[in-house]
Amino acid sequence: MECYNLQRQAACLKRSLFDQGYLDEQFCQIEDLQDEASPNFTEEVVSLFFKDSARLMTNIEQAMEKNPRDFNRWDAHMQQLKGSCYSIGASRMKNECTSFRNNCGDENAEGCMRSFQKVKREHGVLRQKLESYIQLLRQAGPAETATRPGCA
Amino acid sequence: MTVVDAESRFHVLAVDDSIIDRKLIEMLLKNSSYQVTTVDSGSKALELLGLRDEAAESSPPSSSSPDHQEIDVNLIITDYCMPGMTGYDLLKRVKGSSSLKDIPVVIMSSENVPARINRCLEDGAEEFFLKPVKLADMKKLKSHLLKKQQPRKCQPQIQPEPEQRLEAPPTQPAHRPEEALAEVTADGATTAVSDCNGSNKRKAAAMEQQEGLTPPESTKPRLSNSSLAVET
């Protein structure tokens with residue numbers, strides 16, 4: 001019973017993440033890759049994403065400080081971050097990355113600053129939500145991902 | 001010998017500077033029963049393949065240094081936008097090498113730029129995948145691997161099973177054009193700002209001219225490792 005509830009909770013949380021646009025179909029692709037040989041694949045990818053994206057955001061921050069109005073450089077860094085968002089299905093964060101790149105294209109430094117704050121905010125929110133989701137999955141046990149209820 | 005056995009011997013070299021994408025492509029390939037080696041740069045890929053990054057191709061094979069690792073690969077799948085050597089540069093280097101030119105090369109990119117796609121395909125890439133790459137894309141690799149089956153000493157001769165459906169050779173310039181349009185409209189006009197090709201293209205062209213022919217591969221030591229991940 002307990003296991004069932006946790007899996008249901010995880011499923012509900014995931015659905016809400018999709019409904020609110022935090023995640024897109026690509027996240028499902030990642031979960032689909034998980035199998036018995038790699039039972040923690042989703043968690044590993046999520047963890048890797050947040051570690052790597054934190055690094056990329058630091059790069060962007062430093063570039064904006066040390067290379068003012070170097071829009072090509074800022075854009076190149078953001079291109080990498082956006083690519084990571086694409087790969088994990090981080091939809092809202094990806095959109096903010098796009099806004100940032102558009103501002104680079106317009107050479108709008110103020111706009112870039114604002115976009116970057118939004119990117120950071122989305123990053124933080126997504127991190128919280130995915131950490132909760134992963135936590136629920138862990139507690140629910142090594143059964144299949146919470147796409148359907150019931151214990152193994 | 002069944003096709004499944006043959007697939008499990010196919011060795012794919014995946015090149016991507018993004019650690020996330022390396023993890024994903026590795027999993028995608030493993031799920032499709034390929035052996036995988038991942039590297040994070042074009043120059044590391046060339047090193048593994050037995051080509052130096054600089055124009056030092058004229059050195060005889062016996063001068064290979066002891067720590068110089070070389071592997072047999074059946075297919076190279078590479079990201080397009082990478083710092084230093086781009087996927088396109090890597091493609092040109094591979095296709096310009098007498099020992100490597102028959103290895104099929106597939107390019108991946110998260111940006112849909114038709115001119116870029118066409119250029120890669122015209123210059124020898126077998127396929128161009130839009131990222132994020134999906135499991136369904138892995139199925140497209142099989143036909144290229146079977147088509148390019150060579151009688152190399154490590155690889156068995158495989159005849160395709162009669163019931164096996166081979167994909168049609170890629171004649172169209174771009175994959176998933178309907179998705180391509182969606183990508184462009186979602187992004188707006190962002191690609192004009194940074195073309196990751198930049199000066200690397202000129203550098204690659206210059207290096208191409210300097211590269212001599214590599215000697216036949218039979219004298220080179222070869223290691224066939226499974227799931228060897230080379231990362232920084």
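Predicted model: local features only at pLDDT ≥ 70, side-chain atom pairs only at ≥ 80, totals over all residues.
I'll start with the fold of chain A. The C-alpha trace of chain A spans about 55 × 30 × 20 Å along its principal axes.

On annotation, UniProt has an unreviewed entry that places "domain: HPt" at residues 44-129 of chain A. In the model that span is 90% helix and 0% strand. Its end C-alpha atoms lie 16 Å apart.

Next, helix H6 of chain A, residues 109-140. Just after H6(A) comes A:Gly141, with a positive phi of about 105°.

Now the contact between the chains. Chain A contributes 26 residues to it and chain B contributes 22 residues. Together the two chains bury about 2200 Å², and 58% of that is on carbon and sulfur atoms. Which residues of chain A lose the most area to chain B? They are A:Leu33, A:Leu48 and A:Tyr86, which together make up 26% of what that side buries.

On the polar side of the account, six residue pairs are in polar contact between chain A and chain B, both residues being at pLDDT 80 or more. Where on chain A does the touching side come from? Helices H2 (25-33), H3 (41-66), H4 (71-88) and H5 (91-105) of chain A each supply at least two residues. H4(A) gives the largest share, nine residues. By residue class, the side of chain A that touches chain B divides into nine nonpolar, eleven polar and six charged residues.

Salt bridges next. Side chains of opposite charge can pair when their charged atoms come close. Over all chains, a search of the whole structure finds 19 salt bridges. Between chain A and chain B the count is two. In a salt bridge across the contact, A:Arg101 meets B:Glu111 at 2.9 Å, N to O.

Within chain A, the side chains of A:Asp24 and A:Lys94 meet in a salt bridge at 3.8 Å, N to O. That pair links distant parts of the chain, 70 residues apart. A:Asp24 sits in the loop between helix H1 (2-19) and H2 of chain A, while A:Lys94 is in helix H5 of chain A.

Last, the backbone details in loops. A:Arg69 is not a glycine, yet it has a positive phi of about 60°. A:Arg69 lies in the loop between H3 and H4 of chain A. In chain B, B:Ser33 also has a positive phi, near 70°, and is a residue other than glycine. B:Ser33 is in the loop between helix H2 (19-31) and strand S2 (35-39) of chain B.

Which peptide bond is cis, with omega near 0°? That is the bond from B:Lys131 to B:Pro132. B:Pro132 lies in the loop between strand S5 (127-130) and helix H6 (135-147) of chain B.

Conventions. Residues numbered from 1 in each chain as written. Chains lettered and ligands numbered in written order. Heavy atoms only, no water. UniProt positions renumbered as here; feature names shortened; annotations may be inferred. Helix = DSSP H or I, 4+ residues; strand = E, 2+ residues; numbered from the N terminus. Contact = heavy atoms within 4.5 Å. Buried area = accessible area lost by both parts, 1.4 Å probe. Salt bridge = Lys/Arg side-chain N within 4 Å of Asp/Glu carboxyl O. Polar contact = N/O pair within 3.5 Å; in protein donor to acceptor, adjacent residues only side chain to side chain. Nonpolar A, V, L, I, M, F, W, Y, C, P; charged D, E, K, R; others polar.
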